[in-house]
Amino acid sequence: MITLSEVKAKSSKRLEGLNKVVKAATEQLIERSFAAGVPILIAQGYRSIAEQDALYAQGRTKPGSIVTNARGGYSNHNFGLAVDFALLLPDGKNVSWTVNNDWMTVVGIAKQLGFAWGGDWTSFKDYPHFEMLFGLTTVQLRAGQRPTAAQEAAAMARIKPSDNVNEKEDDKLELSKYQRETLVKALQGMLDRKVISDKAWVDKAEKGTLTASELLWLNTILIANK
Ligand SMILES: [Zn+2]
């Protein structure tokens with residue numbers, strides 16, 4: 001069984017050059033998909049104009065089948081705002097491009113994170129493709145426009161729901177010392193088994209600042225990993 005850190009390592013190179021929010025969202029996508037029992041590989045991320053032109057040539061002036069309708073500068077990959085994924089098979093080496101239930105689980109998680117899915121496109125369905133344009137169009141991006149700090153902050157807020165529910169006072173957990181210690185032990189165990197990757201959860205439980213929504217979220221991850 002492949003671990004989360006192995007899964008993440010396989011895609012880390014492909015996250016280079018991405019917009020920082022898209023990168024954070026993609027990292028969350030990898031983690032949440034893994035937690036839901038569906039390890040994925042990020043097969044494509046940022047592409048330079050030259051790389052895009054080479055891809056466009058495939059199936060046209062070069063051998064192979066057509067994989068894109070976008071010339072260099074016309075793909076949202078060229079702006080670091082898109083990623084393509086594939087399902088990582090249990091052997092941890094091979095990938096699958098079959099659009100099945102697992103595939104749709106990943107699509108659901110991606111949409112929650114604020115990604116648009118290429119499978120929803122009407123003209124050219126691009127099933128492995130996710131993109132986050134921050135309300136901009138490809139035409140605007142081509143003209144040099146980039147997401148503002150406010151647009152990025154709004155998108156970032158969707159990526160880390162646990163940080164948001166933090167601010168809700170009514171949500172705070174009232175735990176006895178024993179309950180808190182049990183919770184800390186349980187979370188430490190999840191961390192050790194790499195079910196969760198952020199030590200902040202354990203620290204929060206220790207400090208007694210974990211909220212009910214966060215506990216529910218952790219429980220979901222735990223159930224998904226059983
Ligand atoms: Zn793509």
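Before I start, one definition: the domain bounds I will quote come from an automatic or database domain assignment. The structure we are looking at is a predicted model, and for its chain that assignment gives domain 1, residues 4-159, and domain 2, residues 162-224.

Let me begin with how the two domains sit relative to one another. Taken over C-alpha atoms, the centres of domain 1 and domain 2 are separated by 30 Å, and the contact between them takes seven residues from domain 1 and five residues from domain 2. On the side of domain 1 that touches domain 2, the elements that give two or more residues are α1, residues 4-11, and α2, residues 20-35. Sorted by class, that side of domain 1 has four nonpolar residues, two polar residues and one charged residue.

I would like to stay with α2, which also packs against another helix. The axes of α2 and helix α6, residues 149-159, come within 10 Å of each other and cross at roughly 10°, and because angles under 35 degrees count as roughly parallel, α2 is roughly parallel to α6. On the α2 side the contact is made by V21, A24, A25 and Q28, while α6 brings E152, A155, M156 and I159. By class, this contact of α2 with α6 has six nonpolar residues, one polar residue and one charged residue.

If we take I40 and leave aside its neighbours within four places in sequence, I40 is in contact with I30, S33, F85, A86, L87, L88 and V106.

F134, in the loop between β5 (129-131) and α5 (138-142), has a phi near 55°, a positive value in a residue other than glycine. F134 is partly exposed, with 19 other C-beta atoms within 10 Å, since a residue counts as buried if that number is 20 or more. K194, found in the loop between α8 (177-192) and α9 (200-207), is another residue other than glycine with a positive phi, in this case near 65°. K194 is partly exposed too, with 14 other C-beta atoms within 10 Å.

Methods. Residues numbered from 1 in each chain as written. Predicted model: local features only at pLDDT ≥ 70, side-chain atom pairs only at ≥ 80, totals over all residues. Contact = placed C-beta atoms within 7 Å. Helix = DSSP H or I, 4+ residues; strand = E, 2+ residues; numbered from the N terminus. Nonpolar A, V, L, I, M, F, W, Y, C, P; charged D, E, K, R; others polar. Axes fitted to C-alpha atoms, helices over the stretch in contact; angles between N-to-C directions. Parallel < 35°, antiparallel > 145°, perpendicular 65-115°, else oblique. Buried ≥ 20, exposed ≤ 12 C-beta atoms within 10 Å, placed from the backbone.
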